[in-house]
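Subject: Structure for you to look at

Hello,

Here is the structure I promised. Please open it before you read on.

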Amino acid sequence: MKVMITGITGFLGSALARALVERGETVLGTSSRVSPTWRNLPLGTRVIKLALGDPPNAAMFEEIDCVIHCAYDFSQNAFDRNINGTKALFQQAKVS
């Protein structure tokens, strides 16, 4: 199975990625963070730079069997960005 994890470099997303890779799943994820934080992920895990609120690209959902949404923007005044970003991800995943 090919799984996408949003917020893959966070505490929950990275732990989930390690567990899924250990089970033999293919994992890719999104993160708003820069590449040095990706070193805690399993070898071969592909990460797409995408922050909540950025428009998701339809191509990133190609051949994805499951999306697990762990992304959350903790910055001040991010409530609307979290809601609207989650809705945009859901809508793009649904049509892809």
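Below is what was found in it.

First, the ground rules. This is a predicted model, where local features need pLDDT of at least 70 and side-chain atom pairs count only at pLDDT 80 or more, while totals for chains, interfaces and linings use all residues. Residues are numbered from 1 along each chain as its sequence is written, and side-chain values use heavy atoms, leaving out hydrogens and water.

Now the fold. The chain has two helices and four strands (DSSP runs, numbered from the N terminus: helices are H or I with at least four residues, strands E with at least two). Along the sequence they follow the pattern β-α-β-β-β-α. The C-alpha trace spans about 35 × 30 × 15 Å along its principal axes.

Next, burial. Of the 96 residues, 36% are buried (under 20% relative accessible area; exposed is over 50%, partly exposed in between, with a 1.4 Å probe and protein chains only). Ser14 sits in helix H1, residues 11-22. Ser14 counts as buried because its relative accessibility is 8%. Beyond its neighbours within four places in sequence, Ser14 is in contact with Ile8, Thr9 and Leu41 (contact means heavy atoms within 4.5 Å).

Last, the rings. A search of the whole structure finds one aromatic pair. Tyr72 and Phe74 form it, edge-to-face, at 4.8 Å centre to centre and 65° between the planes. (Rings of Phe, Tyr and Trp, with its six-membered ring, pair if their centres lie within 6.5 Å; planes under 30 degrees apart are stacked, over 60 edge-to-face, the rest tilted.) Phe74 is exposed, at 74% relative accessible area.

Best wishes
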